[in-house]
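Please read the points alongside the coordinates.

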Amino acid sequence: SSSFNHSPLLLPPVLPKAKSLNIRSMVQPLIDRASATAALQGRIWNSPSEWPRWMEAERPPTYGVVAEIVANLLENAFRYSPTGSSIGIAFFEDSLCVWDGGPSIALNDRDQIFEKGYRGKNIVKTSGSGLGLSLARQLAEDIGGSLDLVVPPAEIDESLPFKGNAFLLNLPIKELQD
């Protein structure tokens, strides 16, 4: 719906008033913060080993939503996975994923967690609005991408854990090519 564009974003926009931006410069501070948070919590944090070229190229300002989505996914990973479980972010040719090595999201919650206001059965004691994933998926779709849950993360790439959850953000790669 068109009214969606007027709803407040979860985070203050990190967007420069520039004509263009690159995804790496927006995502790097989020990774730095996640790494520091993991260290404080005694968790294992997994940063990406390399940055794909599409993250370095200049993009239109609408791609600022990628930072919103990644921040939301990282916040969820820290909030909902048990303290000892590892967390990470990984980059691929046309996508990125935020994953955790905690217990898998229950089978009957997996479709519904993207619905507005829905909260998983196992997280009743945890604060949150239940709006995050619905909004994140909408923002991804607004730029021609998609956001999906993949369980376990190893289904995306075998370097990722064989237990836990991954949220895969696919981006419209044709527009991303230089």
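Which residues in α3 meet which residues in α4?

1. In α3, Val65, Glu68, Ile69, Asn72, Leu73 and Asn76 meet Gly132, Leu133, Ala136, Leu139 and Ala140 in α4, where contact means heavy atoms within 4.5 Å. By class, this contact of α3 with α4 has seven nonpolar, three polar and one charged residues; Ala, Val, Leu, Ile, Met, Phe, Trp, Tyr, Cys and Pro count as nonpolar, Asp, Glu, Lys and Arg as charged, and the others, Gly among them, as polar.

2. This is a predicted model, in which local features need pLDDT of at least 70, side-chain atom pairs count only at pLDDT 80 or more, and totals for chains, interfaces and linings use all residues. Residues are numbered from 1 along each chain as its sequence is written, and side-chain values use heavy atoms, with hydrogens and water left out.

3. The angle between α3 and helix α4 (residues 132-142) is about 155°, and their axes lie 9 Å apart. The two helices are therefore roughly antiparallel to each other (over 145 degrees). Their crossing is left-handed, that is, the near helix is turned anticlockwise from the far one by less than a right angle.

4. Helix α1 (residues 23-41) packs against helix α3 (residues 65-80) at an angle of about 10°, with the axes 9 Å apart. That makes α1 roughly parallel to α3 (under 35 degrees). On the α1 side, the residues that meet α3 include Ile23, Met26, Val27 and Leu30, and their partners in α3 include Val66, Ala67 and Val70. The residues of this contact of α1 with α3 divide into twelve nonpolar, two polar and no charged.

5. The second largest pocket is lined by 15 residues, of which Pro48, Ser49, Ala90, Phe91 and Ser159 lie nearest its centre; lining residues have an atom within 4 Å of a point of the 1 Å grid. Strand β4 (residues 87-91) supplies the largest share of this lining, three residues. The lining comprises nine nonpolar, four polar and two charged residues.

6. The peptide bond from Val151 to Pro152 is cis, with omega near -10°. Pro152 is placed in the loop between β6 (146-150) and β7 (165-170). Most peptide bonds are trans.

Methods
Axes are lines fitted to C-alpha atoms, for helices over the stretch in contact, and angles run from 0 to 180 degrees between N-to-C directions. Helices (H or I, at least four residues) and strands (E, at least two) are DSSP runs, numbered from the N terminus. Angles under 35 degrees count as roughly parallel, over 145 as roughly antiparallel, 65 to 115 as roughly perpendicular and the rest as oblique. On a 1 Å grid over the protein atoms alone, a cavity is a set of points where a 1.4 Å probe fits but cannot get out, and a pocket is an open set with protein on both sides within 12 Å along at least five of seven lines; lining residues have an atom within 4 Å of a point.
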